[in-house]
Amino acid sequence: MTSETARFDHLVLLASDLGRSVAFYGRALPPLGLNLTREWVWVGEGGVAVDLQQAKADQAYARYGPGLNHFSFRLESQEAFERVLRLYTAAGLDVPPTQDFGDALSVFMPDPDGLRLEVTWYRETSA
């Protein structure tokens, strides 16, 4: 059996209130290097895109329920991790406490629908 090399391309997030979610992701994604390229689509280096759209059904996020739990962006240094958190605070985002997993530091930022955007820095011993 042969396989092709694939790379992650995009993530589509359905929002219960598109305006509130656009405000959140418009502040949360640029510090991670993703830029708005067209209506509610942010694209980062390498072409990975986050596409935000209005949901058509009213379904709330359920912690540990079926479906997407969270998505994560890895930062390459502790300094970059701390800088992003400072940018989030300056942008008016409510930054939860950092979680220390031993091999990594992570922050799980809930969006307006409760979906978590994780930013992580892995310590060198685990990279």
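Predicted model: local features only at pLDDT ≥ 70, side-chain atom pairs only at ≥ 80, totals over all residues.
Leaving aside neighbours within four places in sequence, Thr 120 is in contact with Ser 72, Phe 73, Arg 74, Leu 75, Phe 81, Ala 104, Leu 105 and Ser 106. Thr 120 itself sits in strand β8. Is Thr 120 buried or exposed? Its relative accessible area is 1%, and buried means under 20%, so Thr 120 counts as buried.

### The overall plan

Let us step back for a moment. The protein has two helices and eight strands. If you read along the sequence, they follow the pattern β-α-β-β-β-β-α-β-β-β. The protein has 127 residues, and buried residues make up 33% of them. Contacts also reach along the chain: among those between residues at least 6 apart in sequence, 55% join residues at least 24 apart.

### One salt bridge

Side chains of opposite charge can pair when their charged atoms come close. How many salt bridges does the structure hold? The structure holds one. In it, the side chains of Asp 100 and Arg 123 meet, at 3.0 Å from N to O. The pair links distant parts of the chain, 23 residues apart. Asp 100 is in strand β6 (residues 99-100), while Arg 123 is in the segment after β8 (116-122). Asp 100 counts as exposed at 52% relative accessibility, and Arg 123 counts as partly exposed at 22%.

### The other sheet and its helix

Now move to another open sheet of four strands, with the order β1-β4-β3-β2 and mixed pairing. Which strands are at the edges? They are β1 (10-15) and β2 (35-38), and each pairs on one side only. Neighbouring strands of this sheet are turned by 30° against each other on average, direction ignored.

Strand β1 pairs with β4 (residues 49-54) in the parallel sense, over six bridges. A handy landmark here is Leu 11, which stands opposite Val 50 in β4. Helix α1 lies across β1, β3 (41-43) and β4, and runs at about 160° to β4.

Which residues of α1 (residues 18-28) are buried? They are Ser 21, Val 22, Phe 24, Tyr 25 and Ala 28. These residues cover an arc of only 165° around the axis, which puts them on the same side of α1. An α-helix has 3.6 residues a turn, so residues three or four places apart point the same way.

At 1% relative accessibility, Ser 21 counts as buried. Leaving aside neighbours within four places in sequence, Ser 21 is in contact with Ala 15, Leu 52, Pro 112 and Asp 113. At the start of α1, a side-chain oxygen of Asp 17 reaches to within 3.2 Å of the backbone nitrogen of Gly 19.

### A loop residue to look up

Trp 40 lies in the loop between β2 and β3. Although Trp 40 is not a glycine, it has a positive phi of about 60°. Trp 40 is partly exposed, with a relative accessible area of 27%.

### Accessibility at a glance

| Residue | Relative accessible area | Class |
|---|---|---|
| Thr 120 | 1% | buried |
| Ser 21 | 1% | buried |
| Arg 123 | 22% | partly exposed |
| Trp 40 | 27% | partly exposed |
| Asp 100 | 52% | exposed |

How values were computed: Residues numbered from 1 in each chain as written. Heavy atoms only, no water. Buried < 20%, exposed > 50% of the residue type's maximum accessible area, 1.4 Å probe, protein only. Arc of directions from axis to C-beta. Polar contact = N/O pair within 3.5 Å; in protein donor to acceptor, adjacent residues only side chain to side chain. Pairing = 2+ DSSP bridges. Axes fitted to C-alpha atoms, helices over the stretch in contact; angles between N-to-C directions. Contact = heavy atoms within 4.5 Å. Salt bridge = Lys/Arg side-chain N within 4 Å of Asp/Glu carboxyl O.
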